[in-house]
Every structure is written in C-alpha cells, then in structure tokens.
Amino acid sequence: LIFLIRFVIAYIKQHNQVKREGGMAVKYAVVVNWILTEYPGAKIYENRGTYLTVGTQSMSSTSVFWMTQTWGTVTIKYQYSSGGFGNLDLEWTFDEKMDQRQMLAQMDYQIKRRMMHI
C-alpha cells in the first residue's frame, strides 16, 4: 500500500511538472515540429499530461509516434505500416534533458536505416 501511494504521488508530481513546462507538445517542441515537417499531413492526435501521439495516416500507410514522459526520461515509439512495404517498429528512451536535436539525429538515422531493409 505504501508503494502504491508513493507511486501515485510521484506520478502526480511528474504530471504537474510537465504541465508547468507547457505540456508535452511544448516541452518536446523540437521533436514534434520535426515530425510535423518530416511527415507531410502529420498532426497531433492526442496530447494529455505525460503522453503525446503525433502521426499521419493515408490510404496506403501510417506513421505514428507515441511519446511518454516517465521519471526523468522520455520514451518515443515509432510505428510505420504499409500494405505495400511492410511494417516497422522502433523505440527509443532518452533523458528528458537531452538536446532534442541529438534525439532526432538518432531517431532519423535508425528510421532511415531500417526503412532500407523493409
């Protein structure tokens, strides 16, 4: 019971901290803007507390990024699916204070590298 109470308190503190920083779309604006630019037609689907979903969907493919803030880190999951080209699932966990351009460099490199193999 004590563990559960501590967990809830920590979660509330984290949620309030992200809210004070403007929310996920503001806190991770560099990453979000990159997605919106790199993936034409992309939009923010969900922006709640410590969770954000950004992506694009067309008749032939879907590209979605899920971002979750968790105790000092941000986890970003990427899923691409296409009937003609296949599927791709990637996940990264970064320190929340890491330069977002460095996050993007790693993500972009891995996405492009994996896309060549699907």
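Predicted model: local features only at pLDDT ≥ 70, side-chain atom pairs only at ≥ 80, totals over all residues.
Phe65 is buried, its relative accessible area coming out at 0%.

The model holds five aromatic pairs. Among them is an edge-to-face pair between Tyr39 and Phe65, with 5.4 Å from centre to centre and 70° between the planes. Here Tyr39 comes from the loop between α3 (29–38) and β1 (43–48), while Phe65 comes from strand β3 (residues 61–70), so the pair ties together parts that are 26 residues apart in sequence. Tyr39 has a relative accessible area of 12%, and because the cut-off for buried is under 20%, Tyr39 counts as buried. Put together, ring pairs link Trp34, Tyr39, Phe65 and Tyr78 into a cluster.

Stepping back to the whole chain, there are four helices and five strands. Read from the N terminus, the order of elements is α-α-α-β-β-β-β-β-α. The C-alpha atoms fill a box of roughly 50 × 30 × 25 Å along the principal axes. Of the 118 residues in the chain, 36% are buried. As for contacts between residues at least 6 apart in sequence, 36% of them join residues at least 24 apart. The chain exposes about 7500 Å², and carbon and sulfur atoms supply 57% of that area. On the charge side, there are 13 positive and 9 negative side chains, with the centres of the two sets 6 Å apart.

What does Thr53 touch, once residues up to four places away in sequence are set aside? The contacts of Thr53 are Lys43, Ile44, Tyr45, Glu46, Val64, Phe65 and Trp66, which brings the description back to Phe65 of the ring cluster. Thr53 itself sits in strand β2 (residues 51–57) and, at 6% relative accessibility, counts as buried. The side chain of Thr53 also makes a polar contact of 3.4 Å with the side chain of Tyr51.

Gln69 is buried, with a relative accessible area of 2%. Polar contacts of the Gln69 side chain include one of 3.4 Å to the side chain of Lys27 and one of 3.2 Å to the side chain of Glu96.

Is Asn33 buried or partly exposed? With a relative accessibility of 45%, Asn33 counts as partly exposed. This residue is part of helix α3. The C-alpha atom of Asn33 is 14 Å from that of Val64, a residue 31 places away along the chain. Val64 has already come up above, as one of the residues that Thr53 touches.

Note on methods
Residues numbered from 1 in each chain as written. Heavy atoms only, no water. Phe/Tyr/Trp six-rings, centres within 6.5 Å; stacked < 30°, edge-to-face > 60°. Helix = DSSP H or I, 4+ residues; strand = E, 2+ residues; numbered from the N terminus. Buried < 20%, exposed > 50% of the residue type's maximum accessible area, 1.4 Å probe, protein only. Contact = heavy atoms within 4.5 Å. Areas by Shrake-Rupley, 256 points an atom, 1.4 Å probe, with all protein chains shown as cover. Lys, Arg positive; Asp, Glu negative; His and termini not counted. Charge placed at Lys NZ, Arg CZ, Asp CG, Glu CD. Polar contact = N/O pair within 3.5 Å; in protein donor to acceptor, adjacent residues only side chain to side chain.
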